[in-house]
Amino acid sequence: VRIGEVASLPSGAQRFTLCTAARDYDEVELALGGAHQVDNAVVAVRLLEQLEDLGLTIGAVAITRALAS
């Protein structure tokens with residue numbers, strides 16, 4: 001997993017680039033503030049990707065929208 005520089009937004013959200021073994025998400029917005037939330041988001045993304053590997057259809061758009069909300 002590669003995480004780019006994390007930028008804090010005026011809204012309290014965070015923005016960073018994310019690339020996993022499964023997918024390059026490019027720039028991701030995370031609604032939650034705090035450095036530990038980026039790590040939590042990566043865990044959630046990897047779990048969702050594992051579910052996709054098991055046949056569940058989720059998709060990158062759904063994942064990035066969920067992180068941003």
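Tutor: Start with Thr20, which is found in the loop between strand E3 (14-19) and strand E4. Helices (H or I, at least four residues) and strands (E, at least two) are DSSP runs, numbered from the N terminus. This is a predicted model: local features need pLDDT of at least 70, side-chain atom pairs count only at pLDDT 80 or more, and totals for chains, interfaces and linings use all residues. Residues are numbered from 1 along each chain as its sequence is written, and side-chain values use heavy atoms, with hydrogens and water left out.

Is Thr20 buried or exposed? Thr20 has 7% relative accessibility, so it counts as buried. Buried means under 20% relative accessible area, exposed means over 50%, and partly exposed lies in between (1.4 Å probe, protein chains only).

Which residues does Thr20 touch? Leaving out residues up to four places away in sequence, Thr20 touches Val1, Tyr25, Val45, Arg46 and Glu49. Contact here means heavy atoms within 4.5 Å. With Glu49 there is also a side-chain link: the two side chains make a polar contact of 2.7 Å. A polar contact is a pair of N or O atoms within 3.5 Å; within protein, one must be able to donate a hydrogen and the other to accept it, and residues adjacent in sequence count only if both atoms are side-chain atoms.

Val45 is 19 residues from Thr64 along the chain, and their C-alpha atoms are separated by 8.9 Å. With 24% relative accessibility, Thr64 is partly exposed.

Now follow the chain into strand E4, residues 24-30. Asp26 is found there. Its phi is near 60 degrees, a positive value in a residue other than glycine. Most residues other than glycine have a negative phi. Asp26 is exposed, at 52% relative accessible area.

Glu29 lies in strand E4 too. Glu29 is partly exposed, with a relative accessible area of 30%. Its side chain forms a polar contact of 3.0 Å with that of Arg15. Beyond four places in sequence, Glu29 touches Leu9, Ala13, Gln14, Arg15, Thr64, Leu67 and Ala68. Val6 is 23 residues from Glu29 in sequence, and 9.7 Å away from C-alpha to C-alpha. Ser8 is 21 residues from Glu29 along the chain, with 9.8 Å between their C-alpha atoms. Ser8 is found in strand E2, residues 7-8, and is exposed at 64% relative accessible area.

Now step back to the whole chain. The protein chain has two helices and four strands, in the order β-β-β-β-α-α along the sequence. Its radius of gyration is 12 Å, close to the 11 Å that the globule rule gives for 69 residues, so the chain is as compact as a globular protein of that length. That radius is taken over C-alpha atoms, and the rule is 2.2 Å times the number of residues to the power 0.38. Along the principal axes, the C-alpha atoms fill a box of roughly 40 × 20 × 20 Å.

Burial covers 28% of the 69 residues. Among contacts between residues at least 6 apart in sequence, 35% join residues at least 24 apart. The chain exposes about 4400 Å², of which carbon and sulfur atoms supply 54%. Accessible areas come from the Shrake-Rupley method with a 1.4 Å probe; for residues, only the protein chains shown count as cover.
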